[in-house]
Amino acid sequence: MPGTLTSIHVVNVTGLIILLLVWVVLFKGVQILMMLARHEPLIAWAIGPLGITVMFLHEPSLLYIWLSVVVPACVSGTVLYTGLFTTISPVIMPHSLLLEMLVVACGIAITSTGDICNAFRDTRHPLWGEARILRSIQFLRATWAKIHFTPFGYSYLSDHFGTNPTDLLQVLS
């Protein structure tokens, strides 16, 4: 393993930037698709600096919680391996099994650590219904996210909190 770092050469900087963008976009895209795969009542969705967030009313199954972690992580690892260790790679790296596993594992850790922490939190201390919606709204407001309520979300807020989204967002600010 000595000399591994000195044998890594970037051949195409533009290709490396494109690879990193494709990696992040595909990972986030699969995350969003996994979120939308739940065919349950959608309260709201938000766009912020930490990405796109959706708020559902009901608790997902344990299988769904872990699938929403594993599937995007597999996509992340596949994109990294294909982009860095095949003939299309913009980087010349030695083909060592240990190096390949380390790079892919680090890439998966970078993209999936938050998902893993959220999955453990949701399985160990689940918080759903009104409490989770209020916590999510408060967190999204703290990160300057723009929250968009669905028509179901409007009626839900009116029925359960006796308010509209504008008033609720002002109270939680």
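In the residue classes used here, Ala, Val, Leu, Ile, Met, Phe, Trp, Tyr, Cys and Pro count as nonpolar, Asp, Glu, Lys and Arg as charged, and the others, Gly among them, as polar. Keep that at hand for the exercises below, and remember that the model is predicted.

**Exercise 1. The second largest pocket**

Find which residues line the second largest pocket, and sort them by class.

Solution. 
- Step 1: Start with the space itself, which has a volume of about 160 Å³.
- Step 2: List the lining: Leu16, Leu19, Leu20, Trp23, Leu80, Leu84, Met93, Val103, Cys106, Gly107 and Ile110.
- Step 3: Ask which elements supply two or more of these residues; they are α1, α2 and α3.
- Step 4: Apply the classes. Gly counts as polar, and the tally comes to ten nonpolar, one polar and no charged residues.

**Exercise 2. The largest pocket**

Describe the largest pocket by volume, lining and residue class.

Solution. 
- Step 1: The largest pocket holds about 1100 Å³ of space.
- Step 2: Its lining has 36 residues, and those nearest the centre are Met35, Thr53, Asp115, Asn118 and Arg132.
- Step 3: Two or more lining residues come from each of α1 (13-36), β3, α2 (62-85), α3 (97-124) and α4.
- Step 4: Sorted by class, the lining of the largest pocket has 21 nonpolar, eight polar and seven charged residues.

**Exercise 3. The sheet**

Work out the strand order of the open sheet and how its strands pair.

Solution. 
- Step 1: As background, strands of a sheet pair through backbone hydrogen bonds, either parallel or antiparallel.
- Step 2: Here three strands lie in the order β3-β2-β5, with antiparallel pairing.
- Step 3: β3 (51-56) and β5 (146-149) are the edge strands, each pairing on one side only.
- Step 4: From one strand to the next, the twist averages 20°.
- Step 5: Now look at the first pairing. β2 and β3 are joined by six bridges, and Leu42 has Phe56 as its bridge partner in β3. These two strands form a hairpin, with two residues between them.
- Step 6: Turn to the other pairing. Four bridges link β2 (residues 42-48) with β5, where Phe149 is the bridge partner of Ala44.

**Exercise 4. The cavity**

How many cavities of 30 Å³ or more does the structure hold, and which residues line the largest cavity?

Solution. 
- Step 1: The count is one.
- Step 2: The largest cavity has a volume of about 30 Å³.
- Step 3: Gly48, Pro49, Leu50, Gly51, Thr53, Phe139, Leu140, Thr143 and Ala145 form its lining.
- Step 4: β3 and α4 are the elements that give two or more residues to that lining.
- Step 5: The classes come out as five nonpolar, four polar and no charged residues.

Conventions: Residues numbered from 1 in each chain as written. Predicted model: local features only at pLDDT ≥ 70, side-chain atom pairs only at ≥ 80, totals over all residues. Heavy atoms only, no water. Pairing = 2+ DSSP bridges. Axes fitted to C-alpha atoms, helices over the stretch in contact; angles between N-to-C directions. 1 Å grid on protein atoms, 1.4 Å probe; cavity = no way out; pocket = protein on both sides within 12 Å on 5 of 7 lines; lining within 4 Å. Points joined across faces, edges and corners; volume = space filled by probe spheres on them.
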